[in-house]
Amino acid sequence: MKMNAFQLFAAAALVALLSLPSAVAQTASTPKVGDTAPLIEGKNQDGKDWKLSDDVGKKVVLLYFYPKDDTKGCTKEACGLRDHMGDLTKGNVEVIGVSFDSTESHQAFISKYALNFPLLADTDGKIAEAYGVRMSGKSMARRVSFLIGLDGKIIHVTDSPSADVHLTEMQEAVAKLAKK
């Protein structure tokens with residue numbers, strides 16, 4: 001079948017249009033167990049820089065993403081982590097929370113619930129995008145937790161909307177580390 005110039009142009013334009021949504025929609029996929037953790041950095045509730053690369057090789061990092069400060073499920077998860085901090089620190093685990101909320105919102109959340117770990121203000125969503133946890137079309141992260149080993153590899157991932165599931169699975173994953 002022979003095509004004229006217009007038909008060739010139209011076919012090329014159609015191919016370009018059909019490939020456009022996939023190129024635009026591509027974001028990082030959520031890392032899986034065994035993957036190297038993306039080496040993110042951000043500002044904590046006090047505006048101080050935090051870099052995952054500073055902790056790799058020194059601590060196990062429980063990096064958890066949550067939708068919003070001071071909401072029912074997010075408060076339950078944060079307070080559960082706060083209450084288990086003794087067990088976590090015995091296992092050389094540092095907890096880092098991440099949401100799209102501002103440093104001011106994080107300060108208020110920490111103060112209200114006496115949280116004993118830092119929260120990163122991912123106001124531009126770059127950290128959530130690096131981990132593939134940004135909710136589609138929203139300035140909000142899904143509830144996903146990553147346990148990152150001393151070697152910088154993902155040891156455990158919990159991807160569930162349930163705060164209880166996160167607390168239980170992370171507690172079990174940290175306990176397994178202690179037995180190794």
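Is aspartate 70 buried, partly exposed or exposed? Aspartate 70 is partly exposed, with a relative accessible area of 38%. Buried here means under 20% relative accessible area, exposed over 50%, and partly exposed in between, using a 1.4 Å probe and protein chains only.

## Model and overall layout

This is a predicted model: local features need pLDDT of at least 70, side-chain atom pairs count only at pLDDT 80 or more, and totals for chains, interfaces and linings use all residues. Residues are numbered from 1 along each chain as its sequence is written, and side-chain values use heavy atoms, with hydrogens and water left out.

The chain has 7 helices and 7 strands. These are DSSP runs numbered from the N terminus: helices are H or I with at least four residues, strands E with at least two. From the N terminus on, the order is α-β-β-α-β-α-α-β-α-β-α-β-β-α. Of the 180 residues, 39% count as buried. Contact means heavy atoms within 4.5 Å. Among contacts between residues at least 6 apart in sequence, 63% join residues at least 24 apart.

Val93, Val95, Gly97 and Ser99 point one way from the strand. Glu94, Ile96 and Val98 point the other way. Both sets are buried.

Two strands pair if DSSP finds at least two bridges between them. Strand β3 (residues 60-65) runs parallel to β4, joined to it by 6 bridges. Leucine 63 has isoleucine 96 of β4 as its bridge partner. Strand β5 (residues 119-121) also pairs with β4 in the parallel sense, over 3 bridges. There, serine 99 stands opposite alanine 121 of β5.

## Helix α5

Helix α5 covers residues 103-113, and its residues His106, Phe109 and Ile110 are buried. Seen down the helix axis, the buried residues of α5 fall within an arc of 95 degrees, so they line one face. The arc is that of the directions from the helix axis to the C-beta atoms. An α-helix has 3.6 residues a turn, so residues three or four places apart point the same way.

The cover over the buried residues of α5 includes α3 (72-83), β4 and β5. The face turned away from the buried side carries the exposed residues Glu104, Ser111 and Lys112. Alanine 114 follows α5 and has a positive phi, near 50 degrees.

## Salt bridges

The structure holds 9 salt bridges. Each is a side-chain nitrogen of Lys or Arg within 4 Å of a carboxyl oxygen of Asp or Glu. One of them joins lysine 68 to aspartate 101, with the closest N and O atoms 3.1 Å apart. This pair links distant parts of the chain, 33 residues apart: lysine 68 is in the loop between β3 and α3, aspartate 101 in the loop between β4 and α5. Lysine 68 is partly exposed, at 39% relative accessibility. Aspartate 101 is buried, at 7%.

Aspartate 70 forms a salt bridge with lysine 112, and their closest N and O atoms are 3.1 Å apart. Aspartate 70 lies in the loop between β3 and α3 and lysine 112 in helix α5, so the pair ties together parts that are 42 residues apart in sequence. Lysine 112 is exposed, at 54% relative accessibility. Another salt bridge joins arginine 82 and aspartate 83, where the closest N and O atoms are 2.8 Å apart. Arginine 82 is partly exposed at 22%, and aspartate 83 is exposed at 53%.

## Largest pocket

The largest pocket has a volume of about 160 Å³. On a 1 Å grid over the protein atoms alone, a pocket is an open set of points where a 1.4 Å probe fits, with protein on both sides within 12 Å along at least five of seven lines; lining residues have an atom within 4 Å of a point. Grid points are joined across faces, edges and corners, and a volume is the space filled by probe spheres set on the points.

The lining has 14 residues. Asp87, Leu88, Gln171, Val174 and Ala175 lie nearest the centre. Helices α3, α4 (85-90) and α7 (163-179) each supply at least two lining residues. Helix α7 gives the most, with 6.

## Asparagine 44

Asparagine 44 sits in the loop between β1 (41-43) and β2 (49-51). Asparagine 44 is buried, with a relative accessible area of 12%. Not counting residues up to four places away in sequence, asparagine 44 touches Thr103, Pro118, Leu119 and Leu120.
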